[in-house]
Amino acid sequence: MSKLQDLYADQGQSPWLDNLRRGWITGGEMQELIAQGIRGITSNPTIFQKAITGEDTYDRQFADLVGGGATIEDAYWSMVVRDIESALALLRPVYDASDGRDGYVSVEVAPELANDTEATTEQARELHTRIDEPNVMIKIPGTEAGLPAIEQMIAEKRSINVTLIFGLDRYQDVMEAYLRGLERADGDLSRVASVASFFISRVDTEVDRRLDEIGTPEALALKGKTAVANGQLAYQLFEQTFSGPRWEALVERGARVQRPLWASTSTKDPSYPETLYVDTLIGPETVNTMPDATVDAFVAGGTVARTVDADYPAAQSVIDQVSALGVDLDEVVQLLEDQGVASFSKSFDELLAALDDKRDRLS
């Protein structure tokens, strides 16, 4: 067995791939990753921007679409949907063999809708209808405006990946939206799946910057520790939320937990171990979606051992110490959410502009 397969078999954590490009699907690389133990795929506007502008494998379809009168944005969604459907077919055996636990491919609503509840709900529903496969997950940002859309989609029994979660308070809100959606849904709940994408490394990037500004030995000693502690405390909230009478009543109807998905797990600081945000967050009923470079690093040198719930008091101590030094974590997570939405929106806009230029060249 590969180390990725051990991660799932021994620890109950599902390794997913945080990347998708057509060349990997047509060239066989994606099939090989699945054979090694990858159990799902996540995508976002930045991933598609890099793929579509970086490969010529999209050019023929794009030319046919715009030649047939499609708008640039309609052409974008047609190319994305084709990739998602191809990946869904590759992962369908994983979905079937796991009884719907894994085998998912996630596609995100347009990022400019992040603060528009009604438009997010409408596009999520439209994408679920357009990509009519049981193993598709529509990604909805876990913004304040996204919470009612998440609840509504779950109430309609549509599988959802909640993205851009950075803080514990918002994570609690996301889980509550999931529970309310399940409680509103009719009948059997066994085919409703959801993950909550809790972002990791970006927290360290911003907190470390502030610790550097403080510059004391106590501050510098805490660098590289906040993100993991934040994730471990999120897992503690997960355990607390998906237990007790309220949850058991939903389990009787077939409900599945909304698994924490660790996102942004590549290290941004080159002085940190490449597998820092994988090795320290391993535990049952979790997902880690890794960029391909992080997958390679974990296979080469990662450690398969349960770590996510090893020491909650130590994790809380890190958060308390960082706060005591004057780092406002509420401010940090709001900043990161705003930056995340802006970054995806920028990628989306840049891609549409690049496609517009390409259309002119083809003409």
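Predicted model: local features only at pLDDT ≥ 70, side-chain atom pairs only at ≥ 80, totals over all residues.
Which residues form a negative surface patch?

**Entry 1: the patch.** I found that Glu73, Asp74, Glu112 and Asp349 make up a negative surface patch. I looked up one of these residues, Glu73, in more detail. I located Glu73 in helix H6. Its relative accessible area is 31%, and Glu73 is therefore classed as partly exposed.

**Entry 2: salt bridges overall.** I noted that the structure holds 28 salt bridges. Side chains of opposite charge can pair when their charged atoms come close. I then examined individual pairs.

**Entry 3: Arg21 and Glu55.** I recorded a salt bridge between the side chains of Arg21 and Glu55, at 4.0 Å from N to O. The two residues are 34 residues apart, and the pair links distant parts of the chain. I placed Arg21 in the loop between strand E1 (13-17) and helix H2 (22-27). I placed Glu55 in the loop between helix H4 (45-54) and helix H5 (59-67).

**Entry 4: Arg191 and Asp99.** I found a salt bridge between Arg191 and Asp99, with the closest N and O atoms 2.6 Å apart. This pair also links distant parts of the chain, its members being 92 residues apart. Arg191 lies in the loop between helix H9 (168-184) and strand E6 (194-199). Asp99 lies in the loop between helix H6 (72-97) and strand E3 (104-108). I checked the accessibility of both: Arg191 is partly exposed at 42%, and Asp99 is partly exposed at 43%.

**Entry 5: Lys223 and Asp212.** I noted that the side chains of Lys223 and Asp212 meet in a salt bridge of 3.1 Å, N to O. Lys223 is in the loop between helix H11 (217-220) and helix H12 (226-241), and Asp212 is in helix H10 (residues 201-214), so the pair ties together parts eleven residues apart in sequence. I found Lys223 partly exposed, with a relative accessible area of 26%. Asp212 is partly exposed as well, with a relative accessible area of 40%.

**Entry 6: a network.** Which residues are linked in a network of salt bridges? I listed Glu151, Glu176, Arg180, Glu183, Arg184 and Arg246 as its members.

How values were computed
Residues numbered from 1 in each chain as written. Heavy atoms only, no water. Helix = DSSP H or I, 4+ residues; strand = E, 2+ residues; numbered from the N terminus. Buried < 20%, exposed > 50% of the residue type's maximum accessible area, 1.4 Å probe, protein only. Patch = residues over 30% accessible without salt bridge, like charges linked within 9 Å, V, L, I, M, F, W, Y side chains within 5 Å. Areas by Shrake-Rupley, 256 points an atom, 1.4 Å probe, with all protein chains shown as cover. Lys, Arg positive; Asp, Glu negative; His and termini not counted. Charge placed at Lys NZ, Arg CZ, Asp CG, Glu CD.
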